[in-house]
Amino acid sequence: KLGKKLPVADWCDSVPGLSHRFLAAIVGECGTGPGEFKSVSALWKRMGMAVIGGGRQRRVTGDAAIEHGYVARRRALMWNIGDQVAVRQAIRNPKDGDGEPTGAVAINEWGALYLERKEYELSKVIDEKPLTPMHAHNRAKRYVEKRLLRELWKAWRRARSAEQPNIKPPASEI
């Protein structure tokens, strides 16, 4: 119920697979509005999706644990949201007359983004080996999750600047 009262509830309605419950969970895990972070990179770090030292943010030990600041619950939340937004509500896998898959088809912009990124990831070679389809899937889904957070960050800032004229919208919106 609280998700419907957030300043970005209308934006949330425009994203297939992103429910008001998921939106409220993101805001709850942020501890503040997503647009209140100084940058989208800070939001990514809060949600466990930053790039630190050239690698993904993850659970580590020692002094690096403070720098990573990883909380598995937040990353798991984004993983589940990404599954809904990038896969379940965004692509279909039709079959031909013999029941054989004909290839994934995007049914919205999030699905198109996912499929485009997956193709890009499949073309990569890391340590002289191509990525497996599952690695490409995971990397493409993470890309869509980060893009979703970026769009949420911008939508929040736009909504807050409309409510309070002294708040500046994201630079990309000016």
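**Cysteines and helix packing**

Reply: Let us begin with Cys12, which is buried, its relative accessible area being 1%; buried means under 20% relative accessible area with a 1.4 Å probe and protein chains only. The model is predicted, so local features need pLDDT of at least 70 and side-chain atom pairs pLDDT 80 or more, while totals for chains, interfaces and linings use all residues. Residues are numbered from 1 along each chain as its sequence is written, and side-chain values use heavy atoms, without hydrogens and water.

Me: What covers the buried residues of H2?

Reply: Helices are DSSP runs (H or I, at least four residues), numbered from the N terminus. The buried residues of H2 (residues 20–30) include Leu23, Ile26 and Cys30. Their cover, by contact (heavy atoms within 4.5 Å), includes H1 (9–13), H3 (40–46), H5 (72–88) and H7 (133–163).

Me: At what angle do H6 and H7 pack?

Reply: Two packed helices are described by the angle between their axes and the distance between the axes. Here H6 (residues 109–122) and H7 pack at about 135 degrees, with axes 8 Å apart. The contact is made by residues including Trp110 and Leu113 of H6 and Ala136 and Val144 of H7.

Notes
Buried means under 20% relative accessible area, exposed over 50%, partly exposed in between (1.4 Å probe, protein chains only). Helices (H or I, at least four residues) and strands (E, at least two) are DSSP runs, numbered from the N terminus. Axes are lines fitted to C-alpha atoms, for helices over the stretch in contact, and angles run from 0 to 180 degrees between N-to-C directions.
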